[in-house]
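Subject: A structure for you to look at

Hi there,

Here is the structure I promised to pass on, with its sequence alongside. Have a look at it first, and then read on for what turned up.

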Amino acid sequence: VADVWASLAAYARMTQSLCADEASTADWEAQARGGRGTVRVAIERARTTLMETVDTRGPSSGPAAQNLLRLEAADQLFATLIGLSDRLETLPPHQRLLAVPMLRRLRALLVVLARATETEKLDRGGRFDRRGAVLR
């Protein structure tokens with residue numbers, strides 16, 4: 001599942017770059033084909049691995065259940081990022097620039113989630129402010 005978060009971080013970075021660089025329609029289409037495909041493959045690979053784990057260890061495995069929830073959250077975030085990317089593509093370049101800081105923060109958050117999932121140690125202390133949205 002950590003690979004899914006990492007691929008979502010890369011997708012957010014690609015979207016950020018497109019917004020910052022006044023990308024062409026062809027650039028956005030390339031991101032839609034390549035970037036989305038990479039994330040989808042990571043999601044399906046993780047899903048297959050988790051289902052094999054459940055088949056082997058049984059459905060009551062705590063880590064498997066946690067990872068299934070994480071994977072579902074990542075899949076939903078992916079759908080949201082697709083919608084955001086599609087919307088950003090339709091905006092004029094000067095309006096796309098407004099999304100760059102948010103995408104940069106989102107990417108950082110996704111990197112933290114990937115690392116935390118990889119190590120299974122989600123450090124909640126001091127990493128986020130009260131609103132939970134801005135990295136310190």
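A definition to start with: the expected span of a helix is 1.5 Å times one less than its number of residues. Helix α2 has 33 residues, and from its first C-alpha to its last it reaches 47 Å, close to the 48 Å expected. Please keep in mind that this is a predicted model.

Now for the overall picture. Of its 136 residues, 35% are buried. Among contacts between residues at least 6 apart in sequence, 73% join residues at least 24 apart.

Back to α2, which covers residues 25-57. Its buried residues are W28, Q31, G35, R36, V39, A42, I43, A46, L50 and V54. What covers them? The cover includes α1, α3 and α4 (93-96). Just after α2 comes G58, which takes a positive phi of about 95°.

How do α1 and α2 lie relative to each other? The axis of α1 (residues 2-20) comes within 9 Å of the axis of α2, and the two cross at roughly 170°. Angles over 145 degrees count as roughly antiparallel, and α1 and α2 are therefore roughly antiparallel to each other. On the α1 side, the contact is made by D3, V4, S7, L8, Y11, M14, T15, L18 and C19. On the α2 side, the partners are D27, W28, Q31, G35, R36, V39, A42, I43 and A46.

A pair of aromatic rings is described by the distance of the centres and the angle of the planes. Y11 lies in helix α1 and F78 in helix α3 (residues 62-90), so the pair ties together parts that are 67 residues apart in sequence.

Are these two residues buried or exposed? Residues under 20% relative accessible area count as buried. Y11, at 0% relative accessibility, is therefore buried, and F78, with a relative accessible area of 3%, is buried as well.

Enjoy exploring it!

Best wishes

How values were computed. Residues are numbered from 1 along each chain as its sequence is written. This is a predicted model: local features need pLDDT of at least 70, side-chain atom pairs count only at pLDDT 80 or more; totals for chains, interfaces and linings use all residues. Side-chain values use heavy atoms; hydrogens and water are left out. Axes are lines fitted to C-alpha atoms, for helices over the stretch in contact, and angles run from 0 to 180 degrees between N-to-C directions. Helices (H or I, at least four residues) and strands (E, at least two) are DSSP runs, numbered from the N terminus. Angles under 35 degrees count as roughly parallel, over 145 as roughly antiparallel, 65 to 115 as roughly perpendicular and the rest as oblique. Contact means heavy atoms within 4.5 Å. Buried means under 20% relative accessible area, exposed over 50%, partly exposed in between (1.4 Å probe, protein chains only).
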